[in-house]
Amino acid sequence: MRATVFLDRDGVINHRIMGGYVNHRDAFNLLPGVIQSMVWLSQRFRVAIVTNQQGIARGLTDPQFVRDLHADLERQVVEAGGQALEYFVCPHHRDAGCACRKPRAGLLNQAHEVEAVDWEKSFLVGDSDSDIAAGASKSVTTIKIGEQGEPAADYTAASLRDAIGIVERVSSR
Ligand SMILES: [Mg+2]
Ligand SMILES: [Zn+2]
């Protein structure tokens, strides 16, 4: 069993595009301190990025673009001294009723199938209530980037960089 940090992507790793999709490189802009934060996390935890990308089902986001983008992000983290990342992507339309689109826990369950997750020692960092709902359903420690919503997260933080301090504190007790 591995302690895992689940990270939402848009709004946690990169700037969220309001009302649009990250479907070209210019739309993918990292938030401050993200690479260093992911290095730190990946040296201590398994890191699994769990992201809803319904632009794929809508034909607006090329799945190969997403894979290339994710490989590039991983390369940056590894080159900075971090470990490999894992990605779990829901490509389905919001109306498809799939098991993987957050707030459902399917992406977390997929990670668990690859390698058993130690839920008690795991975290989820997200900027949407649907992220927090997915994490809460598996009883991981949830950290909301931004303001508290419904369901309430266990903690809030201003950024992934700030969330690191919470992960460090909670995991060391
Ligand atoms: Mg998000
Ligand atoms: Zn799905």
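**The magnesium site and its salt bridges**

Mentor: Across the whole structure, a search finds 10 salt bridges, a salt bridge being a side-chain nitrogen of Lys or Arg within 4 Å of a carboxyl oxygen of Asp or Glu. The model is predicted, so local features need pLDDT of at least 70 and side-chain atom pairs count only at pLDDT 80 or more, while totals for chains, interfaces and linings use all residues. Residues are numbered from 1 along each chain as its sequence is written, chains are lettered from A and ligands numbered from 1 in the order in which they are written, and side-chain values use heavy atoms, with hydrogens and water left out.

The magnesium ion (ligand 1) is coordinated at 2.1 Å by Asp8 (OD), Asp10 (O) and Asp127 (OD); donors here are N, O and S atoms within 2.8 Å of the metal (3.2 Å for Na, K and Ca), and because water is not among the atoms, sites may look incomplete. Along the chain, the donors of the magnesium ion (ligand 1) follow the spacing D-x1-D-x116-D. Asp8 and Asp10 are both buried, where buried means under 20% relative accessible area, exposed over 50%, and partly exposed in between (1.4 Å probe, protein chains only).

Asp10 also takes part in a salt bridge, in which its side chain meets that of Arg9 at 2.8 Å, N to O, and Arg9, like Asp10, is buried. Asp127 in turn forms a salt bridge with Arg16, the closest N and O atoms being 2.9 Å apart. Because Arg16 lies in the loop between β1 (4-7) and α1 (34-44) and Asp127 in the loop between β4 (123-126) and α4 (129-137), this pair ties together parts that are 111 residues apart in sequence; helices (H or I, at least four residues) and strands (E, at least two) are DSSP runs, numbered from the N terminus. Arg16 counts as partly exposed, at 42% relative accessibility, whereas Asp127 is buried, with a relative accessible area of 15%.

A further salt bridge is formed by Lys102 and Asp131, whose closest N and O atoms are 2.8 Å apart. The pair links distant parts of the chain, 29 residues apart, with Lys102 in the loop between β3 (86-90) and α3 (106-114) and Asp131 in helix α4.
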